[in-house]
Amino acid sequence: PAPVPASVTPRQARLAIEAAGLTARVEAAVDAAGTAARIAWDYALEIRRDDPLLAQLAGALGLSEGELDQLFVAAAAL
């Protein structure tokens, strides 16, 4: 299996999320997490696998650690 990257670019993350059919759910989860989460999501220069916001969003979406890892691997390939 491919190693899970420590981070991906916002473009890579969003493309992988879109490919997985999760865009609307992710956007709703970010909105529900509040203004600080929205600012972090919209303006991050990188999306880190160990970011607490990412863990919060994954939990809100019901994604397992393995599913989140798969999204990161897919994102890194873009």
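1. In this predicted model, helix α3 spans residues 35-43, and its buried residues are A37, R38 and W41. Viewed down the axis of α3, these buried residues fall within an arc of 100°, so they line one face of the helix. The face turned away from that buried side carries T35, A36 and Y43, which are exposed.

2. Against which elements do the buried residues of α3 pack? They pack against α1, α2 and α4, and also against strand β2, which covers residues 47-48.

3. Neighbours within four places in sequence being left aside, W41 is in contact with R14, I17, V26, E27, V30, I47, L53 and L57. W41 is buried in α3, and it belongs to the residues with the most contacts inside the largest nonpolar core, together with V26 and I47.

4. That largest nonpolar core comprises 21 residues. Each of the helices α1, α2, α3, α4 and α5 supplies at least two residues of this core. Which helix gives the most? It is α4, with 5 residues. As general background, nonpolar side chains in soluble globular proteins tend to be buried together.

5. The buried residues of α2 are V26, A29 and V30. Seen down the axis of α2, they fall within an arc of 100°, and they therefore line one face of the helix. The residues A24, D31 and A32 are exposed on the face of α2 turned away from its buried side. What covers the buried residues of α2 includes α1, α3 and α4. Just after α2, G34 takes a positive phi of about 105°.

6. A28 also belongs to α2, which runs over residues 23-33. Is A28 buried, partly exposed or exposed? With a relative accessible area of 45%, A28 is partly exposed, because that value lies between the 20% limit for buried and the 50% limit for exposed residues. A28 and F72 are 44 residues apart along the chain, and their C-alpha atoms are separated by 20 Å.

7. Apart from neighbours within four places in sequence, R48 is in contact with A6, S7, L54 and F72. The C-alpha atoms of R48 and P10 are 9.7 Å apart in space, although 38 residues separate the two in sequence.

8. How many cavities of 30 Å³ or more does the count give? The count comes to 1 cavity of that size. The largest cavity has a volume of about 160 Å³. The elements that give two or more residues to its lining are α1 (10-19), α4 (52-61) and α5 (65-76).

9. The lining of the largest cavity consists of 17 residues, and those lying nearest its centre are I17, W41, L54, L68 and L71. By class, this lining has 17 nonpolar residues, no polar residues and no charged residues.

Technical notes. Residues numbered from 1 in each chain as written. Predicted model: local features only at pLDDT ≥ 70, side-chain atom pairs only at ≥ 80, totals over all residues. Heavy atoms only, no water. 1 Å grid on protein atoms, 1.4 Å probe; cavity = no way out; pocket = protein on both sides within 12 Å on 5 of 7 lines; lining within 4 Å. Points joined across faces, edges and corners; volume = space filled by probe spheres on them. Helix = DSSP H or I, 4+ residues; strand = E, 2+ residues; numbered from the N terminus. Nonpolar A, V, L, I, M, F, W, Y, C, P; charged D, E, K, R; others polar. Buried < 20%, exposed > 50% of the residue type's maximum accessible area, 1.4 Å probe, protein only. Arc of directions from axis to C-beta. Contact = heavy atoms within 4.5 Å. Core = buried A, V, L, I, M, F, W, Y, C linked by side-chain atoms within 4.5 Å.
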